[in-house]
Amino acid sequence: MEEFTDTKEDENKTIVHTYPLVQACDMPEEMKAESIEIIITACEKFGTDYFAAAKTVKQMLDKKYGPKWNVVIGESYAIQITHQENTLMYMFFGGNLGICAWKI
């Protein structure tokens, strides 16, 4: 005879989103789509090397949309910035990896 036990395993599971979750963005649609693609590619390529990923994203955005881009990639941070209109992207990728890109 089988016994059924009460386990709390289902309650403790965390949901990890593998798709990009955009929190705030004031970019035009085409720029937004290209920026998301650049960010995802860099984050997947460098894994947990957030410095290298941020540097790559910055360089690619500088090439594509002109200089003075800033990029922050990491976990558990807060940010307050001033940016040019139509140049802000704040998103999450891979669960709790936060990415913020903006142009001064």
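Reader: Which pattern does the protein chain follow when read along the sequence?

Author: Welcome! This is a predicted model, where local features need pLDDT of at least 70 and side-chain atom pairs count only at pLDDT 80 or more, while totals for chains, interfaces and linings use all residues. Residues are numbered from 1 along each chain as its sequence is written, and side-chain values use heavy atoms, leaving out hydrogens and water. Helices (H or I, at least four residues) and strands (E, at least two) are DSSP runs numbered from the N terminus. The protein chain has 3 helices and 4 strands, and along the sequence the pattern is α-β-α-α-β-β-β.

Reader: Which residue in strand 4 is the bridge partner of I73?

Author: Strand 2 and strand 4 run antiparallel and are joined by 6 bridges. For I73, the bridge partner in strand 4 is I99.

Reader: How far apart are the end C-alpha atoms of helix 2?

Author: The expected span of a helix is 1.5 Å times one less than its number of residues. Helix 2 covers residues 29-46, which is 18 residues, so the span should be 26 Å. The model agrees, as the end C-alpha atoms are apart by 26 Å.

Reader: Which residues of helix 2 are buried?

Author: Buried means under 20% relative accessible area, exposed over 50%, and partly exposed in between (1.4 Å probe, protein chains only). The cover over the buried residues of helix 2 includes strand 1 (21-25), helix 3 (50-65), strand 2 (69-74), strand 3 (89-93) and strand 4 (97-103). Those buried residues are M31, S35, I36, I38, I39, I40, A42 and C43.

Reader: Is S76 buried or exposed?

Author: S76 lies in the loop between strand 2 and strand 3. Most residues other than glycine have a negative phi, yet phi of S76 is positive, near 55 degrees. With a relative accessible area of 80%, S76 is exposed.

Reader: What is the relative accessible area of N86?

Author: N86 also lies in the loop between strand 2 and strand 3. Phi of N86 is positive too, near 65 degrees. N86 counts as partly exposed, because its relative accessible area is 41%.

Reader: How many aromatic pairs are there, and what kind is the pair of Y65 and W69?

Author: Rings of Phe, Tyr and Trp (its six-membered ring) pair if their centres lie within 6.5 Å; planes under 30 degrees apart count as stacked, over 60 as edge-to-face and the rest as tilted. By this rule there are 2 aromatic pairs. The ring centres of Y65 and W69 are 6.3 Å apart and their planes stand at 55 degrees, so this pair is tilted.

Reader: What kind of aromatic pair do Y90 and F92 form?

Author: Y90 is partly exposed at 24% relative accessibility, and F92 is partly exposed at 22%. Their rings are 5.4 Å apart centre to centre, with 65 degrees between the planes. That makes the pair of Y90 and F92 edge-to-face.

How values were computed:
Contact means heavy atoms within 4.5 Å. Two strands pair if DSSP finds at least two bridges between them.
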